[in-house]
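Let's work through this model together, one question at a time. Keep the sequence and the 3D view open as we go.

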Amino acid sequence: MKPTYLLYLFTLCCVTFVKAQNFEGSIVYDVDFELSDKMIAKGMTKEKITEMLEQDNSFAKNIQYWYKGNNYKLEVTNTGAYSIYVGDKKTLYSQDKTTDRDVIATDVTIDLETRMYGRPPSISVEDTDVTIMNKKCKKVVIGRSNGSYEYYFSPGYLKMNADLYKGFNVNMWYEYLKVAKALPLRIVKKLSDDSITVVMTVSYVEENKVDAKTFELPNMKLDDSMTPYMPENQKLYKKI
């Protein structure tokens, strides 16, 4: 057997093994939020905020994700708003169902806060007593000037190869995956003033083959007229 053919077989086996180690399927997160004592003292309640968000169709009760390789799609189940991440383009395409034609494309390689403050966020790993889906969790804490992210994960569960998302710097997703090597079971977003904390917790997991059509983008064209008004990592497209 020729050495080159042996190398081909070895490479093929490695690629197949890596793919087999990555989660493919869907995950549903339940979304909740907590108010600080300061906000409650000002007369705000969860009921009031929920009502305001529901009026403009921006209240997310559940978010479903579909993962396949270096692509994912998320959809807010009660509003229909969605985002599709195309790994080969390193771009996240998002549409709010309240606007039928507008699609916002975000270059995930650009982390605006790091650009603004000239320093990366702090990253630490901590043990916890939290159990989710009967899985004991650790957490990765991303500390930023405008708040923090806490990613709870269970080592070895919902495995994901970080290299598939290399360069995904928004919310430090790639940095998180490098540490955890797994998709999160809970995501906690805290604002810097501690006024509100948003919590997403996994309620359902289904591992299965995801149709590649799930990640197909609509026909659209760039709206150059809006570029001067967009953040530097975003562009506006119009569906056609």
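**From one residue to the whole fold**

Student: In which element is the place of V179?

Tutor: This is a predicted model, in which local features need pLDDT of at least 70 and side-chain atom pairs count only at pLDDT 80 or more, while totals for chains, interfaces and linings use all residues. Residues are numbered from 1 along each chain as its sequence is written, and side-chain values use heavy atoms, with hydrogens and water left out. Helices (H or I, at least four residues) and strands (E, at least two) are DSSP runs numbered from the N terminus. By that numbering, the place of V179 is in helix 5.

Student: Does V179 count as buried, partly exposed or exposed, and why?

Tutor: Buried means under 20% relative accessible area and exposed over 50%, with partly exposed in between (1.4 Å probe, protein chains only). V179 has a relative accessibility of 35%, so it counts as partly exposed.

Student: Which residues does V179 touch beyond its sequence neighbours?

Tutor: Let's count contacts as heavy atoms within 4.5 Å, and set aside residues up to four places away in sequence. V125 is 54 residues from V179 along the sequence, yet their C-alpha atoms are 8.1 Å apart in space. The residues that V179 touches are V125 and V140.

Student: Why do the buried residues of helix 5 line one face, and how wide is their arc?

Tutor: The buried residues in helix 5 (residues 173-180) are W173, Y174, Y176, L177 and A180. Looking down the helix axis (directions are taken from the axis to the C-beta atoms), these buried residues line one face because they fall within an arc of 155 degrees.

Student: Which strands does that buried set of helix 5 pack against?

Tutor: Helix 5 is followed by K181, which has a positive phi near 55 degrees. Going back to the buried residues of the helix, they pack against strand 2 (62-68), strand 8 (135-144) and strand 9 (147-153).

Student: How far apart are the C-alpha atoms of V86 and L217?

Tutor: V86 has its place in strand 4 (residues 82-86) and is buried, with a relative accessible area of 16%. Beyond four places in sequence, V86 touches N70, N71, T91, Y93 and L217. V86 and L217 are 131 residues apart along the chain, and their C-alpha separation is 9.1 Å.

Student: Over how many bridges do strand 1 and strand 11 pair?

Tutor: Two strands pair if DSSP finds at least two bridges between them. Strand 1 (residues 25-35) and strand 11 (residues 196-207) run antiparallel, and the number of bridges is eleven.

Student: Which residue in the turn of the hairpin between strand 10 and strand 11 has a positive phi?

Tutor: Strand 10 (residues 186-191) pairs with strand 11 in the antiparallel sense over five bridges, and R186 stands opposite T201. Four residues separate the two strands of this hairpin, and the turn residue with a positive phi, about 60 degrees, is D194.

Student: What share of the contacts in the chain joins residues 24 or more positions apart?

Tutor: The protein chain has five helices and 13 strands, and 40% of its 240 residues are buried. Among contacts with a separation of 6 or more, the share from residues 24 or more positions apart is 53%.
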